[in-house]
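I opened a new page for this chain. These are my notes, in the order I looked things up.

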Amino acid sequence: MFIALLAPAAEAQYRVVENWAQFPAGVTKWGAATGVDVDSQDNVYVLHRNEAMPVMVFDRNGKFLRAWGQGLFKTTHFLRVDPFGFVWVTDRGDMQAFKFSPEGRLLMTLGKKGVTGDNTSQDTFNGMADVAVAKNGDVFIADGEGPNTRVAKFSGDGKFIDWWGGKGTGPGQFDVPHSIAIDSKGRVYVADRSNNRIQIFDENGKFLNQWTNFGTPWGLFIKGDLIYVVDGTENNRLLVAGIEDGRVRETIGGLHNATAVTVDSHGAIYVGEVNGTNVKKFVR
């Protein structure tokens, strides 16, 4: 089944909240912001390329709470807060994924520092991009910003389970699987960036559907029955669609090389702009 809806979506009625974050001493601006997510209390976790404070945490009003990660990462990429409140960070440079407590204590590492593997590797990566955690604790890695073109699946304690993908344009194949998200039914959504589509799978990697109406998808986030898609190459926009039909309902334009997006419990949207060196907050 293929869905490619071309009808224009309504321009979203949002405004930017200027200077929403209160930076701590020694920080005057964002670095290249590659990851952003919120926890169950609407605290905002930002991953940006700042060697002193790679991970910064703010409350929903922008008050700075804490920072961590100095010296841990080579090339920061995505950040995710999982269903249990743990914080995951991917490092595209050293090809690793890290699991932290909310306070920044390192709990688990997937991958070997600076060691690469192919699509069949069980403990190494070569394209570490994004991570998603299912409600049962299984971990899914989008290993695709590099030579590898796969999704790798692990148990909650870090044991390799399986992988799927391979380079190509057919169903279940990838060309830069860059971002990954899981909905409430356990379906896995993969931003197949260079194929200009989002592919949908069950939790075992069975192909279910694909959407080709999202431009060049860089980043995905799912909340409730909506999927938020960063279309970040030429269109520089955020698309909001229903997860059951892929129909785009709203569009936010005017972004600058955005990569990551998240939404809090009040509907505020945060977008990380890697080349724009900014984290934008939008409210209705």
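Which residue stands opposite Arg15 in β26? I looked it up: Arg15 faces Val283 there. Before going on, I noted that this is a predicted model, where local features need pLDDT of at least 70, side-chain atom pairs count only at pLDDT 80 or more, and totals for chains, interfaces and linings use all residues. Residues are numbered from 1 along each chain as its sequence is written, and side-chain values use heavy atoms, with hydrogens and water left out.

**Entry 1: the whole chain**

I counted the elements. The chain has 26 strands and zero helices. Both kinds are DSSP runs numbered from the N terminus: helices are H or I with at least four residues, strands are E with at least two.

I checked the overall size next. Along the principal axes, the C-alpha atoms fill a box of roughly 50 × 45 × 30 Å.

Then I looked at cover. Of the 284 residues, 61% are buried. Buried means under 20% relative accessible area, exposed means over 50%, and partly exposed lies in between (1.4 Å probe, protein chains only). The accessible surface comes to about 11,700 Å², and carbon and sulfur atoms hold 48% of it. Those areas come from the Shrake-Rupley method with a 1.4 Å probe; for residues, only the protein chains shown count as cover.

I also looked at contacts, meaning heavy atoms within 4.5 Å. Among contacts with a separation of 6 or more, 44% join residues 24 or more positions apart.

Last, the charges. I found 30 positive and 32 negative side chains, with the centres of the two sets 2 Å apart. Lys and Arg count as positive, Asp and Glu as negative; His and the chain ends are not counted. Each charge is placed at NZ of Lys, CZ of Arg, CG of Asp or CD of Glu.

**Entry 2: the sheet with β3**

I went back to the strands of my opening question. Four strands form an open antiparallel sheet, in the order β3-β26-β25-β24. Its edge strands are β3 (15-16) and β24 (258-263), each pairing on one side only. Two strands pair if DSSP finds at least two bridges between them.

I walked across the sheet. β3 and β26 pair over two bridges. β26 and β25 are joined by five bridges, and Gly272 stands opposite Val279. β25 (residues 269-273) and β24 also pair over five bridges, with Thr262 opposite Tyr270.

Why is β26 (residues 278-283) largely enclosed by the rest of the structure? Five of its six residues are buried, so it is.

β25 and β26 form a hairpin with four residues between them. In that turn, Thr277 has a positive phi of about 40°.

**Entry 3: β4 and β5**

I turned to another hairpin. β4 and β5 have five residues between them, and Asp42 in the turn has a positive phi of about 65°. The two strands run antiparallel and share five bridges. Ala33 stands opposite His48. In β4 (residues 33-38), six of six residues are buried.

I picked out Val44 in β5 (residues 44-48). Is Val44 buried or exposed? At 0% relative accessibility, Val44 is buried. Leaving out residues up to four places away in sequence, Val44 touches several others, including Trp20, Met56, Phe58 and Tyr270. Val44 and Arg60 are 16 residues apart in sequence, and their C-alpha atoms are 6.5 Å apart.

**Entry 4: loops**

I noted a general rule: most residues other than glycine have a negative phi. Then I looked at two residues with a positive one.

Met95 has a phi of about 60°. Met95 sits in the loop between β9 (87-91) and β10 (96-100). With 10% relative accessibility, Met95 is buried.

Asn196 has a phi of about 55°. Asn196 lies in the loop between β17 (188-192) and β18 (197-201). Asn196 is partly exposed, at 37%.

Arg193 lies in the loop between β17 and β18. Arg193 is buried, at 13%. Not counting residues up to four places away, Arg193 touches Glu145, Asp175 and Trp218, among others.
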